Number of protein chains: 2
Amino acid sequence: MTPAELDSLVAQIGEEILARIGGGLPARKGEGLNLPDQSCPGCQQRCPQTCVRNTKEIVAAGADRVSASERLTKIDPAIAALIDHTILKPEATRTDVLKVCREARQYGFASVCVNPYWVPMVRAELAGSPVKVCTVIGFPLGATSTEAKVAEAEICLRAGATELDMVINIGALRSGGHEAVKLDIQAVVKAAHQAGAIVKVILETALLDDHQKAVACSLAKLAGADFVKTSTGFGPAGASAHDVALMRAVVGPEMGVKASGGIRTLEDLKAMTAAGATRIGASASVKIVEATGAGAPSAHLHA
Amino acid sequence: MTPAELDSLVAQIGEEILARIGGGLPARKGEGLNLPDQSCPGCQQRCPQTCVRNTKEIVAAGADRVSASERLTKIDPAIAALIDHTILKPEATRTDVLKVCREARQYGFASVCVNPYWVPMVRAELAGSPVKVCTVIGFPLGATSTEAKVAEAEICLRAGATELDMVINIGALRSGGHEAVKLDIQAVVKAAHQAGAIVKVILETALLDDHQKAVACSLAKLAGADFVKTSTGFGPAGASAHDVALMRAVVGPEMGVKASGGIRTLEDLKAMTAAGATRIGASASVKIVEATGAGAPSAHLHA
């Protein structure tokens, strides 16, 4: 595809999306909380409702889980499994990051998401658990060179990361450099896929208009990325249901959509999954997932 | 030096600095605006006062300067020469960055400071001028690996950067990892010095207490860096005169101290140079330097 053809394609996609948004983006029907496609660990069958896992097995897995067993009997593991448990503030200490790892094992979060410096330690802490090691590339400005993003990605992959959340080149996108943005994503995706890892492409939606968001999603899809993601958490605003719905509409059902930035409650999370998000980035993950127990009606519980 | 010896040394330095701060850090006497050690371009001799350069030579150097000649006759080149004219916001477009380059040539700023993606373009735009190409490494979180910082630095140096503003590993510092912080700086300094470039070490003072700031300065000095710098501009606060004075007290007179973050007026700049800053990072550089003309008493002018 030539740069001119790419420009034409993204322009068409942008127009189509804007037309759809003009008519209102419907919430996807019948998907509820968009549960992962897996058997319910409580009832051992496909479970269309949110449900609570009997935590005996979990508790047996490690002494550190016993202390949390009271709370764990009440939480919804399908919600926990949607969350990248995240600590990206630069002032985070070793102790802070270790706490996040412990919580991720206890609650069964999808991943622990940390800055690259912490990847080797997090990998060691999560060894033997199903929790993934997620890190960030070109973060949070996205304004380094493609070569530097690839080098950083390769270093993180060697250190044990299996999920890379990379920031697009926002300035290049806003300057009309579609080809540069696509190649930037493509280079990181190539390095990740060769190592068996996945890539989530962060748009930083607060710095883009709707047309630019649609174009960025198209470029991420063309570049072979696995997810698009709303925000870094360091921009002027975080995820919105509008943006998640727009992104889902552009990328279609095959790709993941991760909502992140400002998601602090179970209600925030539900608004995002209802709009089409299949992964959630949060720091308040423990509070969010414990709310699934506190507020869950008994009809949702399986013995 | 063993890690234990290093820990002991930085602890001593920290204590000494804290004792000095307890007694109040005096402003350095007789240094006024801390002019660079060079002859006044107006009077061709060492000039203890701020002075204004006759801009005929400057205007003759390029057509693009003629349009600004009215304003340029009034500005203080010694102030302009202190400023890294900075554009680091991720949404900056090609047009925005080109404007900053044009302004830097017109006003004679020390450098243009941009994100790595823009370095090749900025190098081309500034070719033939004395304005340096400055970029940022591990920016703004400082939480990537040393290996990634070195890779990013080498890519930027090859692309034409001659000044690298790197962020320390804040989390490692706050976790007591002095050796890791020193080695991180040292590795970037080595790459830069081999290429004839200089390194400014960003502490992100708003995330550190005074003892940590003093330790970070000591580590930057031990690692052979050229400058310490207060802030990224993306943290919870920017430069303060207190922090600049503390940093100057630790690093001594040989190293540079760059104040950055929130410096928007000539008064802000003067407060920083009075406290010991020898370089200023600013985005409002044109406004700052034009204020040197507007408010300059005629006694400061040389014919």
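I took contact to mean heavy atoms within 4.5 Å. With that rule I looked up the interface of this predicted model, and I found 31 residues of chain A in contact with 31 residues of chain B.

**Conventions**

I noted that residues are numbered from 1 along each chain as its sequence is written, and that chains are lettered from A and ligands numbered from 1 in the order in which they are written. For this predicted model I recorded that local features need pLDDT of at least 70, that side-chain atom pairs count only at pLDDT 80 or more, that totals for chains, interfaces and linings use all residues, and that side-chain values use heavy atoms, with hydrogens and water left out.

**Entry: chain A as a whole**

I counted elements as DSSP runs numbered from the N terminus, helices being H or I with at least four residues and strands being E with at least two. Chain A has 14 helices and eight strands. For accessibility I used relative accessible area (1.4 Å probe, protein chains only): under 20% is buried, over 50% is exposed, and in between is partly exposed. Chain A has 303 residues, and 55% of them count as buried. I also looked up contacts in chain A with a separation of 6 or more, and residues 24 or more positions apart account for 69% of these.

**Entry: the interface of chain A and chain B**

I looked up buried area, which is the accessible area (1.4 Å probe) that two parts lose on being put together, summed over both. Between chain A and chain B this comes to about 2,500 Å², and carbon and sulfur atoms give 66% of that area. A:Pro90, A:Tyr117 and A:Leu141 supply 24% of the area that chain A buries against chain B, more than any other three residues.

I then turned to polar contacts, defined as a pair of N or O atoms within 3.5 Å; within protein, one must be able to donate a hydrogen and the other to accept it, and residues adjacent in sequence count only if both atoms are side-chain atoms. The rule finds 12 residue pairs in polar contact across the interface, both residues at pLDDT 80 or more. On the side of chain A that touches chain B, the elements giving two or more residues are α8 (146-158) and α9 (170-174) of chain A. Helix α8(A) gives the largest share, six residues.

I sorted residues by type, with Ala, Val, Leu, Ile, Met, Phe, Trp, Tyr, Cys and Pro as nonpolar, Asp, Glu, Lys and Arg as charged, and the others, Gly among them, as polar. The side of chain A that touches chain B divides into 18 nonpolar, seven polar and six charged residues.

**Entry: salt bridges**

I applied the rule that a side-chain nitrogen of Lys or Arg lies within 4 Å of a carboxyl oxygen of Asp or Glu. The count over all chains is 28 salt bridges, and between chain A and chain B it is two. One joins the side chains of B:Arg158 and A:Glu147, at 3.0 Å from N to O. B:Arg158 is exposed, at a relative accessible area of 56%, whereas A:Glu147 is partly exposed, at 47%.

A:Arg279 lies in strand β8 (residues 279-282) and A:Glu163 in strand β4 (residues 163-167) of chain A, so the pair ties together parts that are 116 residues apart in sequence. Both A:Arg279 and A:Glu163 are buried. I also found these two residues in a network of salt bridges that links A:Asp84, A:Glu163, A:Asp165, A:Lys200, A:Lys229, A:Lys258 and A:Arg279.

B:Glu163 counts as buried at 4% relative accessibility, and B:Arg279 counts as buried at 10%.

**Entry: aromatic pairs**

I paired rings of Phe, Tyr and Trp (its six-membered ring) if their centres lie within 6.5 Å; planes under 30 degrees apart are stacked, over 60 edge-to-face, and the rest tilted. The structure holds six aromatic pairs over all chains. The rings of A:Tyr107 and A:Phe109 have centres 5.8 Å apart and planes at 20°, so the pair is stacked. A:Tyr107 is buried at 4% relative accessible area, and A:Phe109 is buried at 2%.

The rings of A:Tyr117 and A:Trp118 have centres 4.8 Å apart and planes at 70°, so this pair is edge-to-face. A:Tyr117 is partly exposed at 29% relative accessibility, whereas A:Trp118 is buried at 7%.
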